[in-house]
Amino acid sequence: METREQFATKLGFILAAVGSAVGLGNIWRFSYVAGESGGATFLLIYVICIFLIGLPVLLAEFSIGRRGQSDVVGSFNNIAPGKPWVIAGILGVLTSFLILSFYGVIAGWVLYYFFSFVTGQAGGIEQEGYGEFFEAFIGGGLSPVIWQFIFMALVLGIVFFGVKKGIELSNKVFMPLLALILIFLAGYSLTLDGAGEGLAFLFSPDWTAFGDFNVWSAAIGQAFFTLSLGMGAMITYSSYLSKQAKLPSAAGGVVALDTLFAIVAGIVIFPAVFTFASVEPGDGPGLIFIALPEVFNLMGGGGVIFGIFFFFLVAIAALSSAISLLEVSVSYVMRQLNWNRRKATLLAGVAVTLFGVPSALSQGGPIPFDFLDLVDTVTDQYTLPLGGFIIALFVGWGWNKVDVLKETGLTDTTIGLIWIWFLRIIAPVGILLILIQNVISAITG
Ligand code: TRP
């Protein structure tokens, strides 16, 4: 048997896992979902979901991958041969495919903005004019598809040549730069006229909305999405991890960094949203594409430079996340069909790109039915939480407790015990309640 590719160092793995987690979810999706779901109440519930459900399930995925030493499906089969838990793996391959299909579309928008700032097209637009700029682009015939293809070509190229080379370096350099630019922009946003209102929106919860199931449902979907959970991206990555690395600290680091990125992004965006009359928090998936360029515009000449760097770095963050999504299908196809990496990448990559085309064309373009929203809803409200549910039950009940704790290095520790009980009761019950609620509200409309 060939030896499995491995990350060179533990830091390399953490960076890859952070690279998978930090992406459009933290910036694009976090801000538009928080904006639609009431801001601070959403943020609070989201943080609760991250710690009660996200962190335990993330550690569960890490242990499955490292112990299973295979792709999502293979890892379950190796640990629990012949048992039905592997359903989570199959569901994961399907989900990664669905998510990547629209992820490539949004990342294409980011690339288009980057390019428009480079060429100067996005500079010097009159104030409050970016709503129109955005709509002209997404409704403008084939161009969203072209940018989606450009982005997906980059993803394919990197996965084609192997995980390790492709991501360790880029994450080491570009992720810190993205953090820096976000922190700087947050400082700038705090000087805007809408800063007070923006911060209140993000940080002062409306307690009457705390019991609103829709907010919980949005928050749990966002928690899974942003941590790359519930479909085996983290299982696949940790299968490339050496036996020495410590899993709990890696999981804690990923969760902390990912959450910080989202909160800082919120501090950048919401003051801007409340500064410009043309933008509303509930503007949906276009939110950052309408609000942020207004900020760059307001900065004067230097704003163009910020526009270029910002959209470049977000595109890179999206790239490392998209790679992790594609890697799930690729590693599965490689083993299942016994294909080599290149053939598997081409097949899975081209299929997922084509499947994303209707999403690209349904955002004001020729397709009137919002395909992107449908695929996003199916994954975030159903398949990701369901995958997380099965993973929690598997590690909590299905897999021998002594083995589990040994794999994570938590034998005879209080933390280990708490973690197991979170996986046994709290995470599955929480997820189940929301899944049931989602089904009910889908049926009753
Ligand atoms: N977490 C990434 C983001 O926030 C997206 C992502 C990568 C993802 N891999 C995933 C989402 C697996 C769900 C499942 O942009």
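Where is the place of glutamate 128? Glutamate 128 sits in the loop between α5 and α6; helices here are DSSP runs of H or I with at least four residues, numbered from the N terminus.

Before going on, the basis. This is a predicted model, in which local features need pLDDT of at least 70 and side-chain atom pairs count only at pLDDT 80 or more, while totals for chains, interfaces and linings use all residues. Residues are numbered from 1 along each chain as its sequence is written, and side-chain values use heavy atoms, with hydrogens and water left out.

Glutamate 128 is not a glycine, yet its phi is positive, about 65°. Glutamate 128 is partly exposed, with a relative accessible area of 31%. For the terms, buried is under 20% relative accessible area, exposed is over 50%, and partly exposed is in between, with a 1.4 Å probe and protein chains only. Glutamine 127 is placed in the loop between α5 and α6 as well, and is partly exposed at 47%. Glutamine 127 touches Phe276, Glu294 and Leu298, not counting residues up to four places away in sequence; contact means heavy atoms within 4.5 Å. From glutamine 127 to leucine 91 there are 36 residues in sequence and 46 Å in space, C-alpha to C-alpha.

Asparagine 338, in the loop between α14 and α15, is a residue other than glycine with a positive phi, near 60°. Asparagine 338 counts as exposed, at 69% relative accessibility.

Now the helices. Which residues of α4 are buried? They are Val72, Val73, Gly74, Ser75, Phe76 and Ile79. That is six of the eight residues of α4, which runs over residues 72–79, so the helix is largely enclosed by the rest of the structure. The cover over those buried residues includes α3, α5, α11, α14 and α16.

Next, α1 and α12. Their axes come within 10 Å and cross at roughly 40°; axes are lines fitted to C-alpha atoms, for helices over the stretch in contact, and angles run from 0 to 180 degrees between N-to-C directions. From α1, the residues Lys10, Phe13, Ile14, Ala17, Val18 and Ala21 meet Ser249, Ala250, Val254, Leu257 and Asp258 of α12.

Valine 255 also lies in α12. Valine 255 is buried, with a relative accessible area of 1%. Leaving out residues up to four places away in sequence, valine 255 touches Ile50, Phe51, Leu55, Leu58 and Leu227. Leucine 59 is 196 residues from valine 255 in sequence and 10 Å away in space, C-alpha to C-alpha.

In α10 there is serine 217, buried at 6% relative accessible area. Its side chain and that of asparagine 438 are joined by a polar contact of 2.8 Å. A polar contact is a pair of N or O atoms within 3.5 Å; within protein, one must be able to donate a hydrogen and the other to accept it, and residues adjacent in sequence count only if both atoms are side-chain atoms.

Last, leucine 178. Setting aside neighbours within four places in sequence, leucine 178 is in contact with Val22, Ile27, Phe261, Leu313, Val314 and Ala317.

Conventions: Helix = DSSP H or I, 4+ residues; strand = E, 2+ residues; numbered from the N terminus.
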